[in-house]
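Visitor: I'd like to learn how to read ring contacts in a model. Could you walk me through some?

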Amino acid sequence: QGAGVEFNRAPILIARATQEQSIKTFEDEVQKMIRDVELAYWDLYFKFQELYSREAGLEQALATWQKERNSEIYGKSTAADVAQAREQLELFRAQRLVSLNDLLNNERKLRELMGLPPDDDFRIIPKDEPTFARYEPDWQLAVSETMQFKPDLQAARFQIRAAELELSRQRNGLLPDLTVGGSWSLVG
């Protein structure tokens with residue numbers, strides 16, 4: 001019991017595996033944060049596109065309402081047509097406000113993820129355009145790279161290694177203790 005190089009090195013190897021596990025856990029958290037920032041960035045980009053389309057629709061609805069109102073003055077349109085155009089205008093106005101609210105919420109979320117203050121009188125306006133290139137993934141390669149490089153899987157491997165080493169130490173503790181003791185003394 002307690003003999004051998006492997007038994008004596010096990011605490012060091014367990015500590016190393018635990019340290020590597022914590023490093024891989026940290027790498028996983030960093031990758032998740034980067035992914036979240038990227039997703040928030042593209043969500044903000046698409047909210048800007050949505051706001052732009054809502055504003056274009058609002059401009060068209062305003063032009064239609066003005067046209068219908070002018071036509072009513074000249075007797076070419078009815079009050080019902082003007083009311084319907086006004087209703088559409090108000091619907092587009094409400095949709096624009098909802099879209100603007102969503103955009104501001106997404107900007108706040110991106111600021112929070114990046115550690116920026118919630119309000120600094122500057123707007124975050126995405127500059128990049130998304131890539132529209134066709135992508136054909138190689139699933140076998142993706143699976144093998146995931147198994148090899150994904151930090152949370154690597155952390156799990158280190159956790160398993162530490163547990164195996166601890167199991168080996170526990171099994172060694174079940175062996176009989178063959179410690180030999182001796183003493184001497186002076187009598188006189």
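This is a predicted model: local features need pLDDT of at least 70, side-chain atom pairs count only at pLDDT 80 or more; totals for chains, interfaces and linings use all residues.

Visitor: Which residue lies over the face of phenylalanine 7?

Guide: That's arginine 169, at 4.8 Å from the ring centre.

Visitor: Now two rings. What describes a pair of them?

Guide: Two things: how far apart the centres are, and the angle between the planes. Searching the whole structure turns up three aromatic pairs. One of them joins tryptophan 42 to tyrosine 45, with 5.4 Å centre to centre and 75° between the planes. Planes over 60 degrees apart count as edge-to-face, so this pair is edge-to-face.

Visitor: Where do tryptophan 42 and tyrosine 45 lie?

Guide: Both are in helix α1, which spans residues 5-73. They're three residues apart there, about one turn of the helix. Tyrosine 45 also pairs with phenylalanine 46, again edge-to-face, at 5.2 Å between centres and 85° between planes.

Visitor: Is tyrosine 45 buried or exposed?

Guide: Buried, because its relative accessibility is 7% and the cut-off is under 20%. Phenylalanine 46 has 45% relative accessibility, so that residue counts as partly exposed.

Visitor: Which residues form the aromatic cluster?

Guide: Tyr41, Trp42, Tyr45 and Phe46 make up one cluster.

Note on methods: Residues are numbered from 1 along each chain as its sequence is written. Side-chain values use heavy atoms; hydrogens and water are left out. Rings of Phe, Tyr and Trp (its six-membered ring) pair if their centres lie within 6.5 Å; planes under 30 degrees apart count as stacked, over 60 as edge-to-face and the rest as tilted. Helices (H or I, at least four residues) and strands (E, at least two) are DSSP runs, numbered from the N terminus. Buried means under 20% relative accessible area, exposed over 50%, partly exposed in between (1.4 Å probe, protein chains only). A charge sits over a ring if NZ of Lys or CZ of Arg is within 6 Å of the ring centre and within 35 degrees of the ring normal.
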